[in-house]
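Me: I'm new to this one. Can you walk me through it?

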Amino acid sequence: MRATTVILGAGQAGLAMSRCLANRSIDHVVLERGEVANSWKTERWDSLRLLTPNWQSRLPGFGFEGEDPDGYRTMPETIQFLKRYAEVISAPVQTRTTVTSVRPVDGGYEVVTDGGTWRCRTVVIATGACNIPNVPKVAGAIPAHIDQLTPMQYKNPDQLEDGGVLVVGASATGTQIAHEIQRSGRQVTLAVGEHIRMPRDYRGRDIEWWMDAVGILDEFYRDVDNVVRVRNVPSLQLAGSDDRHDLDLNALTSTGVTLVGRLAGVNDRTAQFSGSLPNQAALSDLKMNRLLDRIDEWASENDLDGEVEAPRRFEPTRVEKNPSLATDLSNGAIRTVIWATGFRPDHSWLDVPVFDRKGRVKHDGGVVEAPGLYLMGMPFLRRRKSTLIDGAGDDAQDLSTHLAGYLNGGDTPAAA
Amino acid sequence: MTTTAMPVDNGVNVGALLDAREALSQAPEAAQFTWRATCEWVNGTHSRSTVQGFFGLGEEQSHRTTFTFDADHPEIFASEDHGATPVELVLAGLASCLTAGVASVAQNRDIQLRSVTATLEGGMDIQGILGIDGDVRNGFDGIKVSYDIDADATPDEIRAVVAQSQKRSAVYDVITNPTNVTVEVNQA
């Protein structure tokens, strides 16, 4: 089978790219291991909603439709949304097709799947950034009577044994899961390392509205001083809910969650926590306040001060005077550990020498070193919003322009 | 009258540090360092530690001169007080590490420092080291660091410099996180 371009993955990134290639009359196929929006369907917990408001899911040729622009889609609604997009743009999606290898051949690439082999000139990898949960080595030292779950295995509190739960990691995933489990009546201990505190609403508007309006989500990867650092920043402590509640550490403390420092080790059946919690909290508060300063400045410059609520600053993160530095894992108090310690992409099928020493695909804004190979949907791939549904469109526009130039034999070293 | 903006100079060669970071990210094996100290018992609780050589950038390195540190205990411990106590040296190590970080981060952020003073306190219940109460740990029950900083920056900018310094500090990491320690005894 032949196509000019093979797109791997039918999530928002792959579909947006499909639409952009169709606009340029570049023939292509979208290969999807499951159904459209597969990860949203099979690899998320039950109560999860999008962290961005409904109006913000904008894709090329497809805007918000329906009611409740300020609400947050549930997972079934998100899947429905992406399915509808695939229909509206008539994306040539081939579902239930698992790619087993991509390798360079004369004139392009060979894509081997369980449903046949494709030859193409260009490949767009849109398989997502969160395929494999990161579980630290220390997991091996957790006593056997304690259940261990990754966020992909976690569905809801009912699947957990009664008893205490240690949630490791305080990004969007860890804080949402901690909140839900604490409310189920189980005592949660949350191990907190670097984290990004964010209010759901600020001055009467969704924080995402501000970040969109101020231009923060559009910040370009070449304009930040350390792109490696920004690509590794944890996700914002946000939840999408009807009551629009905050999900910062103070909110969790108020529900009874116990905060401890980063999980530093497990020795002799004792979990040890770093003494760095006060500084992690201080770093996060300072960072949030810098963002709020920037928003306030922008609001003043754009004469919005009369329209929106007055500026405010939030209570600093409350940290106990002496947070616990260790907890006994052998006394039965902790029954479950959940590793909310991040994810990494699975590119094990990519037989092209484009990996750095840490196994990450080397790319310049999504343009991979191997000619004709493109990457989408990674953190800060081209913009701060690159991993948002709302970020897929601009990245697809840029990279499809580069891809078209490549097909035309043009010398286009990088998409500017 | 005209004023000329003086370039920010905290005496830290940030350019060289950033170049080193770039070079070492390409050659991670050169980033493997080994720090060393030797320590000789003098008499009683008095000992003298020496640092001179270390390993880094792929080869043996050495300080410009040999540095020595006397450690002892005060007279109320029935000692002769020939030097700081080892736990005070730990406080000094933490303070020096954080303060070096403050200067470097400030330089990198174009913040001119005029004065930086750190005051450290480590609380300790010595029933631990004396073996009176097994529930009391030997080490500090907490360390308080208090900075007085005079600099051309807002209070939040100064707080951010100090927070970033902690984030990148080796001694802060050593103290806040567990480290495996192996102690061997060689045959006489």
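**Chains, loops and contact**

Reply: Let's start with one loop. Ser90(A) lies in the loop between α3 (75–88) and β3 (93–94) of chain A. Keep in mind that this is a predicted model.

Me: Is Ser90(A) buried or exposed?

Reply: Ser90(A) has 10 other C-beta atoms within 10 Å, so it counts as exposed. The cut-off for exposed is 12 or fewer.

Me: What about the phi of Ser90(A)?

Reply: Positive, about 50°, although Ser90(A) is not a glycine.

Me: And Asp303(A), where does that lie?

Reply: In the loop between α8 and β19 (326–328) of chain A. Asp303(A) is not a glycine either, and its phi is positive, near 50°.

Me: Buried or exposed, for Asp303(A)?

Reply: Exposed, because Asp303(A) has 8 other C-beta atoms within 10 Å.

Me: Next, where is Arg357(A)?

Reply: Arg357(A) sits in the loop between β21 (343–344) and β22 (363–364) of chain A. It has 8 C-beta neighbours inside 10 Å, so Arg357(A) counts as exposed.

Me: What separates Arg357(A) from Met211(A)?

Reply: Along the chain, 146 residues. Between their C-alpha atoms, 34 Å.

Me: Zoom out. How many helices and strands does chain A have?

Reply: Chain A has nine helices and 24 strands.

Me: Which radius of gyration does chain A have, and what would a compact globule have?

Reply: Chain A has 22 Å. A compact globule of 416 residues would have a radius near 22 Å, so the two agree. The C-alpha trace of chain A spans about 65 × 60 × 40 Å along its principal axes.

Me: How much of chain A is buried?

Reply: Buried residues make up 45% of its 416 residues. As for contacts in chain A with a separation of 6 or more, 69% are between residues 24 or more positions apart.

Me: Now chain B. What pattern does it follow along the sequence?

Reply: Chain B reads α-β-β-β-α-β-β-α-α. That comes to four helices and five strands. Its radius of gyration is 20 Å, well over the 16 Å that the globule rule gives for 188 residues, so chain B is more spread out than a compact globule.

Me: What does the C-alpha trace of chain B span?

Reply: About 65 × 40 × 30 Å along its principal axes. In chain B, 15% of the 188 residues count as buried. Residues 24 or more positions apart account for 49% of the chain B contacts with a separation of 6 or more.

Me: How is chain B divided?

Reply: Into domain 1 (24–84) and domain 2 (85–178). The centres of these two domains of chain B, taken over C-alpha atoms, are separated by 19 Å. Four residues from domain 1 and four residues from domain 2 make the contact between them. On the domain 1 side, three are nonpolar, one is polar and no residue is charged.

Me: Which strand does β3(B) pair with?

Reply: Strand β2 (residues 46–56) of chain B. The pairing is antiparallel, over nine bridges. Gly53(B) stands opposite Ser62(B) in β3(B).

Me: What's in the hairpin of β2(B) and β3(B)?

Reply: Two residues lie between the strands. Leu57(B) takes a positive phi near 55° in this hairpin.

Me: Why does β3(B) lie largely in the open?

Reply: Because the number of buried residues among its 13 is zero. The strand covers residues 59–71 of chain B.

Me: Switch to helix α2 (residues 86–108) of chain B. How far does it reach?

Reply: α2(B) reaches 33 Å from its first C-alpha to its last. That is close to the 33 Å expected for its 23 residues at 1.5 Å a residue. Just after α2(B), Asp110(B) takes a positive phi of about 60°.

Me: Which residues of α2(B) are buried?

Reply: Among them are Leu91(B), Leu94(B), Cys97(B), Leu98(B) and Gly101(B). What covers the buried residues of α2(B) includes α1 (14–26), β4 (113–123) and β5 (142–151) of chain B.

Me: Last topic. How many residues does the contact take from chain A and chain B?

Reply: It takes 13 residues from chain A and eleven residues from chain B. On the chain A side, β17 (263–267) and α8 (277–301) are the elements that give two or more residues. The largest share, five residues, comes from α8(A). The residues on the chain A side divide into four nonpolar, nine polar and no charged.

Methods
Residues are numbered from 1 along each chain as its sequence is written. Chains are lettered from A and ligands numbered from 1 in the order in which they are written. This is a predicted model: local features need pLDDT of at least 70, side-chain atom pairs count only at pLDDT 80 or more; totals for chains, interfaces and linings use all residues. Two residues are in contact if their C-beta atoms, placed from the backbone, lie within 7 Å. Ala, Val, Leu, Ile, Met, Phe, Trp, Tyr, Cys and Pro count as nonpolar, Asp, Glu, Lys and Arg as charged, and the others, Gly among them, as polar. A residue is buried if 20 or more other C-beta atoms lie within 10 Å of its own, exposed if 12 or fewer, and partly exposed in between; C-beta atoms are placed from the backbone. Two strands pair if DSSP finds at least two bridges between them. The radius of gyration is taken over C-alpha atoms; the globule rule is 2.2 Å times the number of residues to the power 0.38. The expected span of a helix is 1.5 Å times one less than its number of residues. Domain bounds come from an automatic or database domain assignment.
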